[in-house]
Amino acid sequence: MPEKSIEYIRVSTVLNPFSGLQNINPDILQHAAERGTKVHKICEGIISGIGEYGVDEETKPYVESFKLWWEEGKDVVSIEQRFYCDKHKLTGQVDLIINTPEGMAIVDIKTSSKPSKTWSAQGSAYYYLACKAGLPIKKVYFLHLSKKGGKPKLIEYEPDPSFFLSILQIYNYFFSRTKDE
């Protein structure tokens, strides 16, 4: 389905104007994004049982932080699953879906220095997309990894799809108009 993602807007694109990331030096932002991508790939290897490939001095503390959470044992439903909503031409990729005693939960892995105001909306979007795809999601968590290798913070957000859909409507009004309008 690669061609489908071209015509669909990503959740991260919708939330970007509200993130404050445009106020960060582009070189710093790019480096942080590259680090985050590396950490995600390494964590994906750990989850898949492949191992810890690509760990370097910069990613090591984040990986150690992830392992502190992972070693408790998790029942994985899916890794890096992309969802699509035809109605809103929206797509989003969920890092991890696990089974918990309360039911299925989305887990998004974060390496940022601090939580973002957009995480709640992002979690709500992922919840909406996964539920539309037929998954009975009960919880949404963001796993905020420690840059010093300590225990990560597991932050739970109450999913509110209407909140995200309102943001999508605002985004479409201000940013998705055709040049003829």
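In which strand is Glu 80 found? Glu 80 sits in strand 2, which covers residues 75-85.

Welcome to this structure. It is a predicted model, where local features need pLDDT of at least 70, side-chain atom pairs count only at pLDDT 80 or more, and totals for chains, interfaces and linings use all residues. Residues are numbered from 1 along each chain as its sequence is written, and side-chain values use heavy atoms, with hydrogens and water left out.

**The chain as a whole**

The chain holds six helices and six strands; these are DSSP runs numbered from the N terminus, with helices being H or I of at least four residues and strands being E of at least two. Starting at the N terminus, the order of elements is α-β-α-α-α-β-β-β-α-β-β-α. The radius of gyration is 17 Å, close to the 16 Å from the globule rule for 181 residues, so the chain is as compact as a globular protein of that length. (This radius is taken over C-alpha atoms, and the rule is 2.2 Å times the number of residues to the power 0.38.) The C-alpha trace spans about 50 × 40 × 30 Å along its principal axes.

Among contacts with a separation of 6 or more, 61% join residues 24 or more positions apart; a contact means heavy atoms within 4.5 Å.

**Inside and surface**

Of the 181 residues, 40% count as buried. Buried means under 20% relative accessible area, exposed means over 50%, and partly exposed lies in between (1.4 Å probe, protein chains only). The chain exposes about 10,400 Å², and carbon and sulfur atoms supply 52% of that area. Accessible areas come from the Shrake-Rupley method with a 1.4 Å probe, and for residues only the protein chains shown count as cover.

Phe 18, Ile 170, Tyr 173, Phe 174 and Phe 175 make a nonpolar surface patch of about 540 Å². Like charges are joined within 9 Å, and nonpolar side chains (Val, Leu, Ile, Met, Phe, Trp, Tyr) within 5 Å. Tyr 173 belongs to helix 6, residues 161-175, and is partly exposed at 47% relative accessible area.

Neither residue below is a glycine.

| Residue | Phi | Place | Relative accessible area |

Technical notes. Patches are made of residues with over 30% relative accessible area and no salt bridge: like charges are joined within 9 Å, nonpolar side chains (Val, Leu, Ile, Met, Phe, Trp, Tyr) within 5 Å. A salt bridge is a side-chain nitrogen of Lys or Arg within 4 Å of a carboxyl oxygen of Asp or Glu.
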